[in-house]
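Let's take a walk through this protein together, one residue at a time. Have a look at the sequence and the fold before reading on.

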Amino acid sequence: MQAQHHIQESSSQQAPAARLLLQANLAYGESNSSGLSHIQRLKARQGSRGYLEQALALEPENAGALGLLGRVEMDDGELEKAHTLFNASLNAQPGQAQQYANLGYWALKTERPALAEQYFLQALDCERQSAAAFCGVAHAKRLQGQFDVAYLHYRKLLETGAEWDSVFSGMLSCAQHLEVNQADSALALDAIALLQHDGLPHQEIGRFVGAIIHQQYDLDNPTAEILLDAASEDELLILALQKTLMPNPAVEELVVMLRRAITAEVAQTVELRDELQRLALAIGQYADRTGYALAAEDDEERLVTAINDSVQAQLALGEPQDALIGSLIISAMYGALFHQSFAVQLGQWNLTDWPVATQSILAASYYDRVLEESIKQNFDEKADELCLEKTDVPQAWPTWSHLAYHAESSLKHVIADELKLPTDSLPDVLRILVCGAQSGQRAMELARYLDDVEVIAVDESLANIAKATRMATEMNMDNIVFWPWSIAQRFVADGHQVHWVEVGRLPSTAMTALSLTAFVNDATSGGAIVHMQTAIAEQTPGDTQIHKLIAEHRLQPTRTTLRQLRRMILANRQDETWQELVNDDGFYSLGGCRDRWFRPQDTAQLKELMAMASNEVEWKLVKARDADGHSLATQPVQKQIQAEALGNEVQSLMGQTLSVYFQRRR
């Protein structure tokens with residue numbers, strides 16, 4: 001009788017527990033919905049926790065409730081509790097694919113990708129069709145540096161319909177590490193799928209896409225036949241021109257050749273064929289992205305000058321908009337419409353007044369530049385540009401179109417979860433200072449994906465400040481500002497402080513009045529975090545050689561000079577001096593070349609900042625990562641930092657590509 005009573009009581013509790021578990025699952029689903037704000041998702045997660053606690057009060061060994069509560073704990077950063085709950089769920093009900101997959105994601109969180117892979121494979125043993133487990137294997141392989149294997153896993157997931165943001169993001173991340181040594185139609189289709197997927201940082205796969213195009217057009221073969229009509233129908237080429245910058249000299253030559261072929265045909269027929277318009281528009285976008293680095297022959301320059309004069313005359317005669325479009329497309333392939341003598345007259349039309357197909361190039365070549373110019377007027381630094389020729393005004397670098405994919409979180413969660421530091425005494429809104437924001441992608445990612453921050457992004461380049469401000473406005477971001485160093489210094493001098501400092505590109509050697517170390521010291525107080533990299537980019541042997549040429553010949557950073565220097569390097573690119581430089585993304589934009597050759601980063605600023613952080617009385621190294629993102633033991637890194645501060649160059653961290661986080665003690 002007693003056993004029967006117990007069974008009846010147990011079964012009477014199972015039904016309400018099952019209903020509560022169903023509600024918990026629905027709430028947890030909401031907590032992972034990209035359509036909700038971070039605050040709404042946190043509330044949904046708390047709701048899920050409440051339902052689960054009620055369910056477990058009724059049925060303490062409910063395997064589903066234990067496992068889901070583990071997911072909630074893991075999302076809250078309670079990794080030990082999560083691990084215990086996943087194992088408790090498996091003890092209550094062995095053989096659950098879901099719990100092995102959960103353990104796999106737990107292992108990824110704790111930076112153990114090899115262990116994660118084992119758990120995911122156990123999940124697949126239990127359920128061969130588990131997409132979550134198969135995706136987990138892909139993530140684990142990627143984090144172990146097996147990019148080719150992970151890439152094929154992501155491809156398989158897309159083929160089976162698992163078109164998740166994390167799959168596209170993982171595949172894009174792997175693509176950056178792949179070597180493409182032969183024409184491969186499957187890779188070309190993958191690249192098209194990635195470029196067509198909205199919201200991905202397409203700028204990060206320019207090298208991968210360029211390598212595919214290099215092989216596809218057999219660019220190492222000097223006798224390879226390249227047909228203009230075939231190129232005009234090449235979806236991969238057109239998407240690549242619209243969305244990336246390809247650091248590949250042979251691809252640059254291909255683009256220059258195609259542009260010349262289009263212009264030559266227009267010179268003969270006095271018409272831009274409809275079939276060529278999409279390619280011409282894409283080349284115009286690409287040329288803008290390079291800062292008009294692409295070389296042009298004298299006959300092309302003469303023809304484009306004649307076309308610009310013709311547009312000027314057409315506008316003066318009041319000809320209709322339709323009559324201008326072909327000429328404007330050709331002009332935009334060679335230079336920004338904003339720089340032309342007729343630019344102000346284009347302002348009589350709004351961007352949306354133009355045909356949809358032309359709006360992207362007109363925005364890049366004219367309308368965006370108008371907005372950015374108005375932003376520059378707010379800063380005293382604009383005076384430095386007034387004496388420059390229009391085409392010599394610096395252009396923003398780097399160029400980007402979309403933020404990288406991240407799950408929304410909070411800075412307090414990052415501090416607690418990643419750095420294992422207490423957050424109880426922190427205010428509701430934390431202030432991040434990004435030094436050297438360089439067009440602001442990283443700064444905007446912090447502002448977009450962290451819901452408890454306001455971001456101050458500082459940059460030496462007025463072009464970068466203007467571009468980033470415009471893009472932040474277009475994205476409706478109201479928790480970020482972009483300032484030149486002069487305003488940031490006044491802000492700190494007025495007593496304002498920040499909770500987190502992110503050091504990006506260092507101040508250049510031209511910023512002689514600025515001490516980054518003194519600035520960071522004044523901007524922070526006890527508990528503040530400083531995050532910096534130990535390596536300095538843009539310091540190849542080729543850059544050193546260019547710096548010597550600039551000093552010897554007193555060269556100025558004009559467009560003509562920058563193009564001549566690039567042409568010299570490309571003509572001699574097989575020389576060992578130039579190979580590393582020619583392989584660098586920054587070489588493929590005049591903005592990048594101008595930064596690295598005429599405003600090089602000051603290595604002394606980083607050494608001084610590292611020396612300050614080496615003082616263990618004032619600062620504590622709380623985390624260090626290597627180039628692959630793996631955590632390192634802090635004690636050996638701390639010893640290296642201290643040795644370097646004392647002048648021991650043998651133990652120098654400079655050039656080791658580490659990411660280090662320091663906390664100010666007081």
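Met568 touches Ile546, Leu549 and Trp578, leaving out residues up to four places away in sequence; contact here means heavy atoms within 4.5 Å. Keep in mind that this is a predicted model, where local features need pLDDT of at least 70, side-chain atom pairs count only at pLDDT 80 or more, and totals for chains, interfaces and linings use all residues. Residues are numbered from 1 along each chain as its sequence is written, and side-chain values use heavy atoms, with hydrogens and water left out.

Where does Met568 sit? You'll find Met568 in helix H26, residues 559–571 (helices are DSSP runs of H or I, at least four residues, numbered from the N terminus). Met568 counts as partly exposed because its relative accessibility is 30%; buried means under 20% relative accessible area, exposed over 50%, and partly exposed in between, using a 1.4 Å probe and protein chains only. Now hop to Asp353: its C-alpha atom is 42 Å from that of Met568, and the two are 215 residues apart along the chain.

Next up is Ile213, in helix H11 (residues 206–216). Is Ile213 buried or exposed? With 0% relative accessibility, Ile213 counts as buried. Setting aside neighbours within four places in sequence, Ile213 is in contact with Leu219, Leu236, Leu237, Ala240, Met246, Val251 and Leu254.

To finish, find Glu271 in the loop between helix H14 (249–269) and helix H15 (274–289).

Key. Helices (H or I, at least four residues) and strands (E, at least two) are DSSP runs, numbered from the N terminus.
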